[in-house]
Amino acid sequence: MINIPKGTKDVLPWQSYKWQYIEGTARDVARLYGMREIRTPVFEHTELFSRGVGENTDVVGKEMYTFEDKGGRSMTLKPEGTAGAARLFIENGLSSTPMPVKTYYITPAFRYERPQSGRLREFHQFGIEMFGASAAEADAEIISAASLFLERLGIKDVRLEINSIGCKSCRAEYNRALKEYFKPRLGEMCPTCRVRYETNPLRMLDCKEEECKKISAGAPEITDYLCPECRGHFERLKSLLDGQGVKYTVNPRIVRGLDYYSRTVFEFVSDAIGAQGTVCGGGRYDGLVSQLGGAETPAIGFAAGIERLMLLMDNTQTPYPEEEKPLIYLAGMDGPTREAAFGIVSALRREGVSAECDLMERSIKAQLKYADKSGAAFSAVIGGDELLSGEVNLKNMSDGAVRTVKINELGAYLKKEKKSW
Ligand code: HAM
């Protein structure tokens, strides 16, 4: 027996309706915001991620599924969707189309992490990426799209935290202040933080080690170092969110784990799913497109982890709409009536009615037992009499009520019944 790889999950037949519901909700919200779907390959040149996401991030430094293909090129399974979206934008000349370019995707992503609840090696993201808009209105639109998505799923147990990590110039000054603060305490900090002290001190604020967390609690806050433009942008975003009634708290500790961010960053966090509480994260990445060889293009987006959303919905008993079951099960008595049932079922499907009949050569009793288990809304038996009269006794499986319906009117009748639910 060959088992499923660690950190991956199968989606079983009775689970897939939950996926379809979440993905359907994502597509609906994307449509409301005028976002159009993009699809990028599952693997890209490794360099896209090392240059885009950042060599010194955990995602690139430790977690990538990188392999050499038969042509000797280094390829990587996408660990996230933003770098690929930016490459697509540049490579296909989307900058010469009307701005902003509004896109979304639903994609698998791969990170070689230690699997735990809510943390997988293959997971799925619904993401939105918008290119070309630098105004704070764009930030507010992206955050409100994420918020509406969660709202439409019925998720309540989540809070929105926002921050601004400034632009290159304010961040340089902030990094200096952080280095000054951490320098005398560096000996007590973990090896990763000591490396980050040299490469990207901002990321030290993201460390999960208890001792490091205690030390960084007293560190200077980025919001005190924002330049007037970045401060103005952040203030405007806050007032736009207030105006829309989107609730948030400012958390100056949010820095995000990927290098491409500038200015606005945000996370939707829940306490109901354990240590990996971020269900959705995003922010502005004004420098990414130019860093990957495109023209200077402001951009902003987010991604929500679908498995984490499911975990949150399960843990908080957030209901899903019921899975759709067959509308009718048609049982047959013997050779000719089974054949007739088979024919009627095929015709019903062509009319758009989901219908089932026996494929297992079961007895009539076993067929009706199966009809019950299948959750079919109606059932009927085709016997010799029914074939002669052209009518069946249609049984409503939920209340047992029976009514006679002409076989050639079954489709219309069932469709009308379904509409009235
Ligand atoms: P991220 O925060 O790395 O951001 O991931 C976004 C979401 O993906 C997380 O909030 C989480 O729900 C889910 N996720 C991440 N890693 C795992 C994992 N190992 N297992 C399960 N779920 C996971 C990004 O990926 C950015 N590209 C988001 C973005 C888009 N920023 C701007 N545009």
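Contact is taken to mean heavy atoms within 4.5 Å. The structure is a predicted model, in which local features need pLDDT of at least 70 and side-chain atom pairs count only at pLDDT 80 or more, whereas totals for chains, interfaces and linings use all residues. Residues are numbered from 1 along each chain as its sequence is written, and side-chain values use heavy atoms, with hydrogens and water left out.

Helices (H or I, at least four residues) and strands (E, at least two) are DSSP runs numbered from the N terminus. In helix H1, Lys 18, Trp 19, Tyr 21, Ile 22 and Glu 23 meet Ile 306, Glu 307, Leu 309, Met 310, Met 313 and Asp 314 of H11. By class, this contact has seven nonpolar, no polar and four charged residues (Ala, Val, Leu, Ile, Met, Phe, Trp, Tyr, Cys and Pro count as nonpolar, Asp, Glu, Lys and Arg as charged, and the others, Gly among them, as polar). The axes of H1 (residues 16–32) and H11 (residues 306–315) come within 11 Å and cross at roughly 110°; axes are lines fitted to C-alpha atoms, for helices over the stretch in contact, and angles run from 0 to 180 degrees between N-to-C directions.

Eight strands form an open sheet of mixed pairing, in the order E1-E5-E6-E11-E10-E9-E7-E8; two strands pair if DSSP finds at least two bridges between them. Strands E5 (residues 101–110) and E6 (residues 122–131) pair in the antiparallel sense over ten bridges, and Tyr 104 stands opposite Ile 128 in E6. Helix H1 packs on the sheet, where it touches E1, E5 and E6, and its direction makes about 160° with that of E5. Helix H4 (residues 82–91) also packs there, touching E5 and E6.
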